[in-house]
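Subject: Structure handover and findings

Hello,

Here is the structure for your files.

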Amino acid sequence: MNKTILATLLLLACACQADGGASTSIRVEDATGEQEDEIRLQEWRVERAVQEVLVRYGLEGLNVSIVIEEEGGLGETKPNVDAILDVTGVTVSINERLFLDEPPAGDDVLLGLFAHELAHALHYSKMSRLELVEFGERYLRFFENPEGHLKPWAAAYERFTDLTAIAYGFGVPLTAQKVASKDNVARHHPHKVWDFYLEPVDIRALSKDPVALKKRIDQALDVVNIGSLREFAETLPIAEAN
């Protein structure tokens with residue numbers, strides 16, 4: 001198998017699966033019985049946030065698997081692909097601290113989190129097979145050397161993901177999510193550098209300024225350099241962002 005394709009499949013962790021129709025599933029990992037019960041009581045909040053984002057992004061037919069786990073950051077999204085690398089859905093991993101911390105994350109934080117994570121899904125749905133393979137290969141090389149030459153590329157792509165969410169009108173919940181994320185990083189990952197995502201002050205300003213938002217999108221895409229995402233950006237409802 002081509003080394004690039006193999007690297008991409010390892011990164012995406014994509015078990016080949018058939019498309020069995022749109023669905024949302026939630027799985028809880030690594031939690032004690034009492035913790036799992038507490039998380040399960042809040043599952044409806046996750047489903048509501050996911051469905052609101054999917055509808056606004058026009059992804060109502062997407063299969064979404066939510067994995068709630070102990071390790072990692074607040075969220076991470078990977079595409080699920082079939083045997084010919086068509087995207088059949090996504091797996092979104094979110095941290096159990098969203099539900100177990102006191103107080104638990106508010107609905108606005110969950111909505112902002114899924115606005116960002118499912119913007120990745122929106123991007124995956126626009127990429128060609130070759131672009132998806134190259135995208136995964138780049139991210140694999142970035143993860144192998146986070147301070148290397150691909151750091152600006154990865155940062156630009158994550159900011160473009162935030163900018164996508166803003167363009168669809170998720171500025172307010174995205175701001176809440178960033179505040180919660182920074183608090184989480186400060187408490188659990190004090191040495192992590194916060195330089196991959198937009199700051200709350202930037203999100204608020206860009207939500208009110210379509211011209212500035214379009215400029216930041218263009219700047220990010222100049223670095224990301226994926227043709228289908230450039231075409232996709234021309235369809236963003238920037239003038240409607242709020």
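The notes below run from the whole chain down to single residues.

**Ground rules**

This is a predicted model, in which local features need pLDDT of at least 70, side-chain atom pairs count only at pLDDT 80 or more, and totals for chains, interfaces and linings use all residues. Numbering starts from 1 along each chain as its sequence is written, and side-chain values use heavy atoms, with hydrogens and water left out.

**Overall**

The protein has 11 helices and 4 strands. These are DSSP runs, numbered from the N terminus: helices are H or I with at least four residues, strands are E with at least two. Of the 242 residues, 50% are buried. Buried means under 20% relative accessible area, exposed means over 50%, and partly exposed lies in between (1.4 Å probe, protein chains only).

The protein exposes about 11,700 Å². Carbon and sulfur atoms supply 53% of that area. Accessible areas come from the Shrake-Rupley method with a 1.4 Å probe; for residues, only the protein chains shown count as cover.

Now contacts, meaning heavy atoms within 4.5 Å. Take those between residues at least 6 apart in sequence: 75% of them join residues at least 24 apart.

V46 is in helix 3. Its relative accessible area is 1%, so V46 is buried. Leaving out residues up to four places away in sequence, V46 touches I26, I66, F99, L110 and F114. Take F114 from that list: V46 and F114 are 68 residues apart in sequence, yet their C-alpha atoms are 8.8 Å apart in space.

H116 sits in helix 5 (residues 107-126). H116 counts as buried because its relative accessibility is 3%. Which residues does H116 touch, not counting those up to four places away in sequence? They are E158, T161, D162, L174, K178 and Y197.

**Salt bridges**

Side chains of opposite charge can pair when their charged atoms come close. The criterion here is a side-chain nitrogen of Lys or Arg within 4 Å of a carboxyl oxygen of Asp or Glu. The structure holds 14 salt bridges. Three of them follow.

- R40 pairs with E43, and their closest N and O atoms are 2.1 Å apart. R40 is partly exposed at 33% relative accessible area, whereas E43 is buried at 15%.
- E52 pairs with R56, with 3.3 Å between the closest N and O atoms. Both residues lie in helix 3 (residues 43-57), 4 residues apart, which is about one turn of the helix. E52 is partly exposed, with a relative accessible area of 35%. R56 is partly exposed, also with 35%.
- R230 pairs with D222, where the closest N and O atoms are 2.7 Å apart. R230 is partly exposed at 31%, while D222 is exposed at 55%. Shared partners link K214, D218, D222 and R230 into one salt-bridge network.

**A negative patch**

Which residues gather in a patch of negative charge on the surface? They are E34, D37, E38 and E102. Patches are made of residues with over 30% relative accessible area and no salt bridge; like charges are joined within 9 Å, and nonpolar side chains (Val, Leu, Ile, Met, Phe, Trp, Tyr) within 5 Å. Lys and Arg count as positive and Asp and Glu as negative, while His and the chain ends are not counted. The place of a charge is NZ of Lys, CZ of Arg, CG of Asp or CD of Glu.

D37, one of the patch residues, belongs to helix 2 (residues 33-40). D37 is exposed because its relative accessible area is 51%.

**Backbone: positive phi**

Two loop residues to look at in your viewer:

- L85 has phi near 65°, a positive value in a residue other than glycine. L85 lies in the loop between strand 3 (75-81) and strand 4 (87-95). Buried or exposed, by relative accessible area, is L85? L85 is buried, at 19%.
- N225 has phi near 55°, again positive in a residue other than glycine. N225 lies in the loop between helix 10 (210-224) and helix 11 (227-233). N225 is exposed, with a relative accessible area of 58%.

Best regards
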